[in-house]
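Thanks for coming, everyone. Let's take a quick walk through one model. Have a look at the screen first.

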Amino acid sequence: QVQLVESGGGLVQAGGSLRLSCAASGSIFGISAMGWYRQAPGKQRELVAAISGGGTTNYADSVKGRFTISRDSAKNTLYLQMNSLKPEDTAVYYCAADTTRRTWGQGTQVTVSS
């Protein structure tokens, strides 16, 4: 079983930056793809960015050019570097890891003020 713990959320002004981290533990050898999702109040959870085991990345159109997903296998940690943040990026951000099932972290709040 995989456990995920996110950190790095907070309050930032529009145009600012944050870096989210997701530390994985447990049966990490079985992890293939990992990703970041977000859920704003009253909205469905949506994919922000994902990275495959081979390093292939994909991003939501709304964050392309502003966010970067990366994975440090030595540290068993997933990152999301978020630049040029906008108020519409405000949401709870969740880390996810895929093995034979999808595991979710507890989420971290990101609030962008205008």
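Start at Cys 95. Leaving aside neighbours within four places in sequence, Cys 95 is in contact with Leu 4, Glu 6, Cys 22, Met 34, Gly 35, Trp 36, Leu 78, Thr 103, Trp 104 and Gly 105. Contact here means heavy atoms within 4.5 Å.

A word on the ground rules. This is a predicted model, so local features need pLDDT of at least 70, side-chain atom pairs count only at pLDDT 80 or more, and totals for chains, interfaces and linings use all residues. Residues are numbered from 1 along each chain as its sequence is written, and side-chain values use heavy atoms, with hydrogens and water left out.

Back to Cys 95. Where is Cys 95 found? In strand S9, which covers residues 91-98. Strands, by the way, are DSSP runs of E, at least two residues, numbered from the N terminus; helices are runs of H or I, at least four.

Is Cys 95 buried or exposed? Cys 95 counts as buried, because its relative accessibility is 0%. The cut-offs: buried is under 20% relative accessible area, exposed is over 50%, and partly exposed is in between, with a 1.4 Å probe and protein chains only. Now look at Glu 6. Cys 95 and Glu 6 are 89 residues apart in sequence, yet their C-alpha atoms are 6.7 Å apart in space.

Next, the core. In soluble globular proteins, nonpolar side chains tend to be buried together. A nonpolar core, for us, is a set of buried Ala, Val, Leu, Ile, Met, Phe, Trp, Tyr and Cys residues joined through side-chain atoms within 4.5 Å. The largest one has 28 residues. Which residues have the most contacts inside it? Met 34, Trp 36, Leu 80, Met 82 and Tyr 93. Elements giving two or more residues to this core are S1, S3, S4, S5 (46-51), S7, S8, S9 and S11 (108-113).

Take Met 34 from that list. Not counting residues up to four places away in sequence, Met 34 touches Leu 4, Cys 22, Ala 50, Ile 51, Ile 69, Arg 71, Leu 78, Cys 95, Ala 96 and Ala 97.

Now a sheet. Strands of a sheet pair through backbone hydrogen bonds, either parallel or antiparallel. We call two strands paired if DSSP finds at least two bridges between them. In what order do the four strands of this open sheet come? S1-S3-S8-S7, with antiparallel pairing. S1 (2-7) and S7 stand at the edges with a single partner strand each, so one side of each has no neighbour in the sheet. Neighbouring strands are turned by 15° against each other on average, direction ignored. For that angle, axes are lines fitted to C-alpha atoms, for helices over the stretch in contact, and angles run from 0 to 180 degrees between N-to-C directions.

Follow the bridges. S1 and S3 run antiparallel, joined by six bridges. Val 5 has Ala 23 in S3 as its bridge partner. S3 (residues 18-26) also pairs with S8, antiparallel, over six bridges. There, Ser 21 has Tyr 79 as its partner in S8. Leu 20 stands opposite Leu 80 in S8.

On to the aromatic rings. Rings of Phe, Tyr and Trp (its six-membered ring) pair if their centres lie within 6.5 Å; planes under 30 degrees apart are stacked, over 60 edge-to-face, and the rest tilted. How many aromatic pairs does this rule give? Two. Tyr 37 and Trp 104 are edge-to-face, at 4.9 Å centre to centre and 70° between the planes. This pair links distant parts of the chain: Tyr 37 is in S4 (residues 34-39), Trp 104 is in S10 (residues 102-104), and they are 67 residues apart. Tyr 37 is buried at 13%, whereas Trp 104 is partly exposed at 33%.

Tyr 94 and Trp 104 are edge-to-face too, at 6.4 Å and 90°. Tyr 94 lies in S9 and Trp 104 in S10, so this pair ties together parts 10 residues apart in sequence. Tyr 94 counts as buried, at 14%. Tyr 37, Tyr 94 and Trp 104 form one cluster.

Last stop, Arg 45. Its charged end sits over the ring of Tyr 94, 3.7 Å from the centre. Arg 45 also lies over the face of Trp 104, at 4.5 Å from the ring centre. The rule for this: NZ of Lys or CZ of Arg within 6 Å of the ring centre and within 35 degrees of the ring normal.
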